[in-house]
Amino acid sequence: MIRFAFYDAKPYDIPSFEKYGRENDIEFKFFETRLTPDTINLASGCDGVCIFVNDIVNADVIDALQAEGVRMIALRCAGYNNVDIEHAFGRIHVFNVPAYSPYAVAEHAMALLLTSIRRIHKAYIRTRDFNFSLNGLTGFELHDKTVGVVGTGKIGRIFMDICRGFGMKVIAYDKFPAKDSGIEYVSLDELFARSDVISLHCPLTGETRHTINATSIKKLKKGVVIINTSRGALIDSEALLEGIKERKIGAACLDVYEEEANVFFHDFSGHIVADDVLARLISMPNVIVTSHQAFLTEEALSNIAETTVKNILQFEAEGQCVNELCYRCPKFDTCSHELHKCF
Ligand code: NAD
């Protein structure tokens with residue numbers, strides 16, 4: 001029996017992991033708490049930890065996990081910016097779920113965009129109160145508008161296809177443009193200048209942190225709609241708020257937020273939210289916030305559990321895993337480890 005401490009467990013995670021775990025002789029011990037330096041001991045006696053986007057896996061946590069005998073860190077998500085991958089090398093093997101349903105995230109991005117520009121969030125509240133006035137609900141059409149997509153990987157490309165279906169002109173920026181893709185790549189500055197809608201689909205790295213900041217906001221078209229379903233820190237939240245207050249930014253659709261770690265996934269209704277920037281953003285009529293929900297479909301939850309279990313089983317059987325994250329691999333994100341074991 002393989003044992004995993006499952007941190008930050010939510011009611012919607014448990015059924016699919018219980019099912020795939022039971023079928024494959026893996027015991028998941030579910031804990032509501034996140035993995036932090038204070039909760040490492042919950043993994044005592046476990047072969048691995050299963051973690052999500054807001055668990056903290058810095059060098060100290062990795063050392064302490066290793067001391068507890070933990071050999072595997074199974075991320076049940078694609079992004080791994082919360083894990084010190086370099087420090088993990090030679091100590092603990094780290095796997096992720098690189099794609100569980102890129103459609104879930106891309107469709108959520110479009111859902112946010114349509115909700116925002118057609119004021120569905122306002123109309124829903126009004127009609128529930130039998131207020132059938134249309135004042136203030138004028139939207140705009142996507143047809144013929146230009147969307148700029150930053151990051152043309154799995155999610156970015158599906159989002160681009162969806163936008164094409166709406167008759168939008170699609171331009172993109174990627175640090176590693178896809179060859180022969182037919183995508184119209186432009187510089188980031190050109191994308192900022194031309195786009196009516198900007199959607200962020202690149203990973204969070206030192207380079208992409210605060211892609212949207214006070215300087216880049218000056219380069220944007222007035223009235224631009226910004227969508228972020230990727231990682232919160234791609235946007236400098238205070239600069240975004242200023243851009244909205246100055247009416248430079250027409251709307252913001254945020255599924256992720258820079259300081260989401262202690263807020264998202266929890267019920268704070270009835271509490272006073274301490275984060276002034278988040279509170280002010282949410283108070284804006286042209287800002288929609290969902291709490292890192294873009295992945296949350298039945299299909300994605302099932303795929304996440306299935307791939308996580310496959311990762312664990314493959315590693316236990318072969319000593320390597322197709323989805324291992326290793327900073328030494330030549331193509332970090334996509335290395336298949338076919339020819340060598342990382343360590
Ligand atoms: P992917 O790896 O398929 O694509 C990422 C793309 O970003 C690649 O084309 C890559 O070349 C590009 N890129 C890398 N560095 C860049 C840079 N400096 N500037 C511009 N582009 C750069 O990833 P994906 O599956 O499409 O996921 C994209 C992001 O979505 C993930 O990093 C993750 O943070 C986020 N995500 C969010 C949710 C959610 O629920 N909100 C769910 C899954 C993934």
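Predicted model: local features only at pLDDT ≥ 70, side-chain atom pairs only at ≥ 80, totals over all residues.

Q: Which polar side-chain atom lies 3.3 Å from an oxygen atom of the ligand?
A: One such atom belongs to Arg231. The side chain of Ser230 also has an N or O atom 3.3 Å from an oxygen atom of the ligand. Taken alone the ligand exposes 860 Å², and the protein buries 88% of that.

Q: Which residues around the ligand come nearest, and what classes make up the shell?
A: There are 23 residues around the ligand, and Tyr100, Lys154, Ile155, Asp174 and Thr229 come nearest. The shell has 9 nonpolar, 8 polar and 6 charged residues.

Q: Why is Asp196 called buried?
A: Its relative accessibility is 17%. Buried means under 20%, so Asp196 counts as buried. Asp196 is in the loop between α7 (188-194) and β8 (197-200).

Q: What joins the side chains of Asp196 and Lys221?
A: A polar contact of 2.9 Å joins them.

Q: Is Arg119 buried, partly exposed or exposed, and how do you know?
A: Arg119 has a relative accessible area of 24%. Arg119 sits in the loop between α4 (102-117) and α5 (120-128).

Q: Why is Asp180 called exposed?
A: Asp180 has a relative accessibility of 82%. Exposed means over 50%, so Asp180 counts as exposed. The loop between β7 (169-173) and α7 holds Asp180.

Q: What is to be noted about phi in Arg119 and Asp180?
A: Most residues other than glycine have a negative phi. Arg119 is not a glycine, yet its phi is positive, near 55°. Asp180 is not a glycine either, and its phi is positive at about 55°.

Q: How do you know that the largest nonpolar core lies between domain 1 and domain 2?
A: This core has 81 residues, of which Phe4, Leu35, Val49, Ile51, Leu65 and Leu281 touch the most other members. Helix α11 (residues 298-318) gives the largest share, 7 residues. Both domain 1 (2-100 + 297-339) and domain 2 (102-289) give residues to the core, so the core lies between them.

Notes:
Residues numbered from 1 in each chain as written. Heavy atoms only, no water. Near = heavy atom within 4 Å. Polar contact = N/O pair within 3.5 Å; in protein donor to acceptor, adjacent residues only side chain to side chain. Areas by Shrake-Rupley, 256 points an atom, 1.4 Å probe, with all protein chains shown as cover. Nonpolar A, V, L, I, M, F, W, Y, C, P; charged D, E, K, R; others polar. Core = buried A, V, L, I, M, F, W, Y, C linked by side-chain atoms within 4.5 Å. Buried < 20%, exposed > 50% of the residue type's maximum accessible area, 1.4 Å probe, protein only. Helix = DSSP H or I, 4+ residues; strand = E, 2+ residues; numbered from the N terminus. Domains from an automatic or database assignment.
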